[in-house]
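User: I would like a close look at one part of the model shown here, with the cut-offs behind each term.
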Amino acid sequence: MKKKGLKRVFAALAACSVMASAMPVMNFAASAADNIIRNSTFETGTEEWGVYKESGGKYKLAGEDGKLALTVLDRGEVSYAVQLNQPTIKLYKNGVYRFSFDVSSTVDRYIEGMIQLDKPDYRSYVWMGCDVTTEMQTFEKEFVMEEETDIMAKLCFNCGVEKQDPADLPEHTLYFDNVTLELIDDSNVDYSEAEGYQASIIANQVGYRPDAKKTAVFRNTEGGDFSIVNVDTEEVVFTGTMEGPKKNIQAEETNYTGDFSAVKTPGTYVIKSEGLDDSYPFVIGNDVYDDIFDETLRMLYLQRCGTAVEDKDFAHPSCHDTMATIYDTDTKIDVNGGWHDAGDYGRYIVAAAKTVADLLYAYDASPELFSDNVGIPESGNGTPDVLDEVRYELEWMLKMQDKTDGGVYHKVTCATFPQYIMPEEETKPLIVMPKSTTATADFAASMALAYEFYKDVDAEFADTCLEAAKKAYEWAIANPNVRYKNPADVVTGEYGDKVTSDEIYWAKAQLYRATGDESYIADASVKRGLDWSTVGDYGNIAILTMDGIDKTSDIYTAASETVLKQAKDMKSVSDVMPYGVTLVEYNWGSNMTVANAGNILALAYKLTGEQEYLDKATAQLDYLLGTNPLGTSFVTGFGTVAPVAPHHRPSMAVGKCMPGMLVGGVNQNLEDPAAKAYCIDSPDAKCWVDNAESYSTNEITIYWNSPLTYLFAMTEKAGEPVTPPTTEPPTTEPPVTDPTDAPSVPSIPATLLGDANCDGVVSIADATAILQHLGNNDEYALSEQGAANADVDGKTGVTAGDALSIQRLDAKLIDSLPDLGE
Ligand code: G3I
Ligand code: 9MR
Ligand code: ZN
């Protein structure tokens with residue numbers, strides 16, 4: 001199964017300049033009598049078919065003359081010990097189906113054919129027991145799907161041991177052909193029920209701070225007026241006119257936007273517009289994020305490992321507290337403690353380092369937000385809970401360091417991911433995986449950062465952190481290219497990373513900040529990134545927010561230029577995105593990328609005082625809390641519509657959704673079976689499903705929550721004056737900048753204005769090429785000629801405004817380029 005590329009998107013957009021009708025989130029195709037089974041006649045061999053085996057089952061599978069040949073070498077010990085199957089079959093409630101297949105065997109035997117619920121009890125929706133002979137026979141059955149719609153059902157043929165067969169049945173081959181499932185009557189199917197509700201007026205469902213910029217997004221409309229209504233008094237407090245239309249390529253929508261920043265009075269409101277359903281209610285107020293802020297922090301307490309956790313729903317006894325074995329050795333060490341990374345129970349250093357950094361920098365940005373009564377065991381001890389919680393992780397990280405040489409082990413997990421069980425039930429042996437440069441440098445950086453925050457709380461602990469940081473740093477410098485890769489027998493999160501220079505830069509910057517020793521940054525080269533694999537911007541933050549830093553120094557100038565360049569590009573992308581998001585492509589964990597962007601934008605605001613940067617930063621928060629094409633808040637337990645089925649083992653085991661978790665979010669790469677089943681026809685910006693099986697869109701992690709905490713903190717003191725940027729020109733040589741940061745200013749004349757991809761025509765594809773280039777120049781560089789063509793207004797180099805002009809041309813809102821309007 002392959003998701004259609006952007007081409008299809010463009011085709012759909014080209015066909016209608018303004019799309020007024022609702023775009024279904026999913027495509028519930030299957031018109032009557034189409035065969036739902038893929039590769040049903042085995043024209044393309046075994047494609048789409050798999051075999052599950054267990055309990056001694058053995059088999060061979062091949063395509064043979066337009067049939068599927070399954071040779072059963074050993075029938076194992078259960079009927080499903082050899083099970084031919086095709087997953088993700090769509091069955092709609094009340095649909096009448098015909099299920100049939102042809103099968104023969106080289107020896108007479110019994111098999112079962114069925115379509116079943118794929119977990120937890122594997123019950124069948126339809127089932128046939130078949131006496132198979134050497135003659136090809138057709139087996140057929142009509143049935144009504146009586147249960148709730150299941151678009152991830154599984155077609156199975158059980159070919160293991162069956163009690164109907166003699167015990168000494170010899171090895172044999174089964175031949176399958178014409179496997180068919182047809183929806184023969186859908187008159188009682190209510191597709192809309194499965195499709196779900198699609199809001200037409202979209203806003204942040206949690207709410208806004210009074211002074212924040214506030215933007216609503218509208219769809220399924222051709223524009224008009226809207227009003228903001230106080231839910232309690234029913235009073236219309238504001239009316240405005242929608243702006244637009246704005247084409248939304250990634251979401252395949254036409255949007256309008258409405259600015260209601262003027263509404264500042266605390267209260268609960270809805271947005272109304274004639275002909276459209278009201279928005280979900282939201283609050284305006286100074287304390288609007290108080291609860292979500294504490295809950296997203298307390299979630300980390302609930303992720304604690306190696307200790308009993310107290311909670312009304314998610315309490316559990318101590319877990320993972322046995323000694324762990326260093327991979328490929330007999331050495332056992334104690335690595336008790338820390339937080340479970342995510343929906344799984346692994347503990348990984350690079351993920352931990354990002355989380356720690358976000359939280360400590362969040363505390364640095366707005367200490368007054370962090371209380372001592374979040375509801376953790378240390379609450380009320382006189383130290384802000386965030387420092388207690390972070391210390392729980394730091395203590396574990398210290399155990400992951402080899403004290404003899406300073407190197408840091410990459411991770412500790414079992415060899416495989418466990419079933420959907422509580423943490424204390426995962427009792428397989430713990431394995432500590434080898435040291436890596438990225439883990440060690442990240443460790444050095446986060447320990448050096450920690451030193452500052454614990455100096456006044458517990459000086460001895462702070463010193464331990466700093467000493468550990470220095471030792472780790474030395475190891476990383478001496479071993480700059482030790483890359484971690486999972487061996488074949490360990491399949492848990494890899495967090496592999498080929499580039500180590502950004503981790504090393506972060507460590508240098510952080511040690512310089514902790515010690516004031518300039519030798520750490522003597523040869524530092526500024527990098528970027530705020531995620532588990534690219535961390536350079538943490539180094540930049542260390543420099544830019546360092547007490548007493550010389551603002552004319554090379555390092556400060558370079559760090560500041562790198563941050564401001566990114567912020568400028570993010571702002572220009574956000575400008576053309578109706579939902580205000582800074583993304584042009586959506587990868588695993590996109591919600592983290594959105595939060596990270598918000599933090600860079602907020603930092604740019606603090607550096608320049610330019611209000612627009614702050615507005616763009618809060619727009620990223622709005623996206624996470626509801627202003628997105630899915631019309632959902634992405635934080636469990638907050639917002640009218642929020643995820644209820646995260647891929648999170650404690651939630652899955654308990655059967656309740658833990659609150660305060662930011663899920664991974666939209667991922668256009670469809671990297672798990674549920675995403676493939678639900679999002680195959682979804683536009684890129686809508687590839688997300690609230691399904692616990694969708695680990696590539698709906699898992700949670702500690703390091704997706706932490707940038708959200710940071711974003712709350714970075715946008716909180718918004719109204720405060722910022723330090724004006726230094727006006728003195730840099731005195732010394734040009735700053736050391738990452739080559740990828742070079743601005744894209746064209747040096748040759750354009751051959752065809754707008755033709756960024758140089759294919760001889762100006763189309764929406766050029767707009768996308770520009771947006772992708774701005775989002776990720778490493779991946780989507782424009783050619784020299786392309787960049788010259790892309791610079792539509794010829795003034796500022798390639799910007800998102802150029803992409804917007806091309807979109808406007810395509811939508812026939814202007815006649816030619818350059819676009820002089822707006
Ligand atoms: O960045 C590239 C992009 O340039 C490219 O176009 C795209 C095409 O596939 O891929 C992008 O990379 C993605 C990468 O994340 C981005 O960070 C990969 O597809 C994607 O597979 C990768 O996913 C990672 C995932 O593990 C699988 O390795 C996630 O970042 C990472 O957060 C996640 O981490 C897991 C741990 O392994 C285990 N614990 C849970 C945790 C969260 O799911
Ligand atoms: O549950 C695992 C999740 O925490 C990881 O992020 C994800 C990617 O590594 O993998 C999940 O485990 C899945 C595994 O990769 C493939 N088989 C199904 C597992 C989930 O049920
Ligand atoms: Zn544990």
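Which residue in β21 stands opposite Thr325?

Analyst: This is a predicted model, in which local features need pLDDT of at least 70 and side-chain atom pairs count only at pLDDT 80 or more, while totals for chains, interfaces and linings use all residues. Residues are numbered from 1 along each chain as written, chains are lettered from A and ligands numbered from 1 in written order, and side-chain values use heavy atoms, without hydrogens or water.

The residue opposite Thr325 is Lys332 in β21. Strand β20 (residues 324-326) and β21 run antiparallel and are joined by two bridges; strands (DSSP E runs of at least two residues) pair when DSSP finds at least two bridges between them. Both belong to an open, five-stranded sheet of mixed pairing, ordered β21-β20-β24-β23-β22. Its edge strands, β21 (332-333) and β22 (347-348), each pair on one side only.

Elsewhere, helix α7 (residues 459-478) has 20 residues. Its buried residues (under 20% relative accessible area, 1.4 Å probe, protein chains only) include Phe461, Leu466, Tyr473 and Trp475.

Aromatic pairs (Phe, Tyr or six-membered Trp ring centres within 6.5 Å; planes under 30 degrees apart stacked, over 60 edge-to-face, the rest tilted) number 28. Tyr473 and Tyr520 form an edge-to-face pair, 5.1 Å centre to centre with 75° between the planes. Because Tyr473 lies in α7 and Tyr520 in the loop between α8 and α9 (536-544), this pair ties together parts 47 residues apart in sequence. Tyr473 counts as buried at 11% relative accessibility, and Tyr520 counts as buried at 13%.

Technical notes: Helix = DSSP H or I, 4+ residues; strand = E, 2+ residues; numbered from the N terminus. Expected span 1.5 Å × (residues − 1). Buried < 20%, exposed > 50% of the residue type's maximum accessible area, 1.4 Å probe, protein only.
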